[in-house]
Amino acid sequence: MKINSKSILLLAAVLTMMPACSPKAASTVAADAQDATPAVETPYVSVRTDVPNKAFYKDVFMHGGLSLSSYDSLPFLGALGLSHEYVALGSATEENKELQKSIFNSNPDDANGVLLYPDGEPRFRLLYVNGGGANSSGKRLEEQGRLNFKAFVDNGGSYVGNCAGAYLPAVTEDRTGFGGYVGVWPGDCSGASTPVWNVGYIVPEGSPLRKYSDFGGDYYIDSVKHHNGPFFERWYEVPGTEVLTINDYPAYRFHMQPSAIAYKADCYKGRIVPIGGHPEKIEEGEKYILMQSYVRYALEGQGCAKAKGILSNGEMRRMTKSTEDNDPAHTKIGDKQCHHFVFALPKKARNIEIRLESLENYELSLRLAQGTFAFKEDAKYAAEGKELVKTLKFDELPAGTWYIGVQCESTVEATPTKTHVAYNNTAILNGAPYTISVKWDNIGTGKAVLANGANANETIKKMLKPKAIFTDIDSTITKIVFKTSVAAPAGVRIDDPALSEEPICASIDKDVLTISTTAAEINSGLHPSFFFQGYGALRTIENIEALNTSEALSFTELFKDCRSIEKIDLSSFEAGSLHSIDGMFHNCASLRKVDFSPLKTVRPIKLGDAFRGMPNLEEIDFGMMEFNDYEIYDNIYLFSSKKDAGNKRCSSIPGKLTIRCTQSVAAKMFANGSLQNLSFGAENAEPVKIIFIDSATGKEIKAEWTEVTRY
């Protein structure tokens, strides 16, 4: 039966509601504090909630137990390449009752039952339940079996069921309580007492099944067998429920009601797909594709991976508890299962060691990844093999959140029988005990402080020339590199031990100057002025963000005579205490642009001859900086030429200069007689075109020069 106009109108009314839990949400928790080193950094760990669990014993467990149809396989398993196990018991003999109880509930070799690992996590990716008698099959699971089914889904395993298997996940049927239902879909399904009918299935607009197939182009599947299976007319009462397919059968009351739905409570739980009809045994055609699509969507909704805990430095976690201890965070690991742990590695960590010890003769693998769960395919580092003790050691690693994966490679020997899959080597079913630990050395927990920029500069230059002083400009240094959190900084100390808790050392290798410290950063102190002065050959400053300038009062002549440097990044500088940039870039002859916009100043700044002797300067961005009035209004040094020291009217600036500043700074500059002379070319061979841009709006500020020539 094809879709008619009435069907289309009814379909338009079907709404789908997505689960409330965002798949990319992140939970942030504080790392366990180390026993008691007061200055040790306590970082935070952000644990991902968008990575699905990837470690299972097998893909599918197929339940064809008491009161259900019994099969040892179904066509969709092979089509999707899924590994599986089964129970196919048939009649309810006493022997079969005991066998089902031992499989799903517990037995001496397996305290958790076949579906669950010792910690309650799902042992299979998906639980599939056949058709048959829903209420009677549920009751024969007994209370513990039903609780295990619920734990399977609640802990991340997905669920698909046809007919009886579609009743089972509901809470009630037609508002009437049945003791055999599991309740993982917290809704009420509707019973359909029908003979064997062939029902049309509509795949409505918005159904996620459409991403797998267009089902012949019309999103319609003919003649799906229906025999007493449920439908879901009150699906909308459970937020998060999605409609996958709709019955098209005008002769019965379930016409245009959902025949299959999907539900996923949150990121950690599995997806449930109950299906009222019977496409599961079809081996070809659209019904074959339909069943595959149901299963694929369920598998895509399996629960995300979870961390057992956050490990702190030096902590050893003992994973030795059993199922009956009800302590999943410390419970032993099951066969093919992967346990996850996270730790926050600070910048100053060195000599990192992760240690795994198997406490019984089971093969465990150790894996490590940054930023994501350390499954086998995602791990950056691994230690595998039969050794009981495994370690991963590193001199250093990037700071941040690291994930440890512990996977049990040992497993049971599985033998298919007529009724079920029998196991040998069953001791592993109750778990393998182990310990896991991480430790590292904290380097440089104190503060590193420069005493005075000029003193440090002079000390460094005397390493090159014993009689050098900081004003010398013939230095051969072409590159300066800042290194922090170094275990053993090399070279000559350039800090004042009376002020600095951690040493700051400088070393020179050919034309590279390295400044290193055990601390996480270098505080510039109150007076970093002159620190880079006179490095005439300097072209590059690497990791300048390691320099903390938050306490600096003055940047006076900070980069003076750095004639070769073409770019200086000030984006990491802090300037809350700053009051002067006098001569900051004096004679930086190769510098084309100076950008102060990242600096958040809180007071008017002394400007002085900050840009004197800069023949290639094309742009200055002052951001929102303000300056002392007299520093602008009567400043004849600001852009003066080095060669014309006697007449400060002359400028080294080329023919055009862009100044980004506030309206008030621009107004003050218009009143500067020296700048007026530069603009009109007075005392200069060529005039300098000065363009002002408003820092706040980005619009040009029209120059309104004061008609007064002072020189």
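Analyst: Helices (H or I, at least four residues) and strands (E, at least two) are DSSP runs, numbered from the N terminus. Serine 83 sits in the loop between α2 (75-79) and β4. The model is predicted: local features need pLDDT of at least 70 and side-chain atom pairs 80 or more, while totals for chains, interfaces and linings use all residues. Residues are numbered from 1 along each chain as its sequence is written, and side-chain values use heavy atoms, without hydrogens and water.

User: Why is serine 83 called partly exposed?

Analyst: Buried means under 20% relative accessible area, exposed over 50%, and partly exposed in between (1.4 Å probe, protein chains only). Serine 83 comes to 30%, so it counts as partly exposed.

User: What does serine 83 touch, leaving out residues up to four places away in sequence?

Analyst: Contact means heavy atoms within 4.5 Å. By that test serine 83 touches Lys58, Asp59 and Val60. Its C-alpha atom is 8.8 Å from that of phenylalanine 61, 22 residues away along the chain.

User: How many helices and strands does the chain have, and how much of it is buried?

Analyst: The chain has 11 helices and 38 strands. Of its 711 residues, 54% are buried. Take the contacts between residues at least 6 apart in sequence: 75% of these join residues at least 24 apart.

User: What puts the buried residues of α3 on one side of the helix?

Analyst: The buried residues of α3 are Asn96, Leu99, Gln100, Ile103 and Phe104. They span an arc of only 110 degrees around the axis, so they share the same side of α3. The arc is that of the directions from the helix axis to the C-beta atoms. On the face turned away from this buried side, Glu94, Glu95 and Glu98 are exposed.

User: Which elements cover the buried residues of α3?

Analyst: The cover includes the strands β3 (58-64) and β4 (84-88). The helices α4 (134-140) and α5 (142-154) are also among the covering elements.

User: How do you know that the buried residues of α10 line one face?

Analyst: Helix α10 covers residues 663-670, and its buried residues are Val665, Ala666, Met669 and Phe670. Viewed down the axis, they stay within an arc of 140 degrees, so they line one face of α10.

User: Is alanine 454 buried or exposed, and what does it contact?

Analyst: Alanine 454 has a relative accessible area of 11%, so it is buried. It lies in helix α8, residues 453-464. Apart from neighbours within four places in sequence, alanine 454 contacts Phe470, Ser529 and Phe530. Alanine 454 and phenylalanine 530 are 76 residues apart in sequence, but 5.1 Å apart C-alpha to C-alpha.

User: What is the phi of asparagine 228, and what is the phi of asparagine 543?

Analyst: Asparagine 228 has a positive phi of about 70 degrees, although it is not a glycine. Asparagine 543, also not a glycine, has a positive phi near 65 degrees. Asparagine 228 lies in the loop between β11 (220-226) and β12 (241-248). Asparagine 543 lies in the loop between β32 (540-542) and β33 (547-548).

User: Why do asparagine 228 and asparagine 543 get their accessibility labels?

Analyst: Asparagine 228 is at 33% relative accessibility, so it counts as partly exposed. Asparagine 543 is at 27%, so it counts as partly exposed.

User: Which residues of the largest pocket lie nearest its centre, and which classes make up the lining?

Analyst: A pocket, on a 1 Å grid over the protein atoms alone, is an open set of points where a 1.4 Å probe fits, with protein on both sides within 12 Å along at least five of seven lines; lining residues have an atom within 4 Å of a point. Here 21 residues line the largest pocket, and Gly131, Gly132, Cys163, His227 and His278 lie nearest its centre. The lining has seven nonpolar, 10 polar and four charged residues. Ala, Val, Leu, Ile, Met, Phe, Trp, Tyr, Cys and Pro count as nonpolar, Asp, Glu, Lys and Arg as charged, and the others, Gly among them, as polar.
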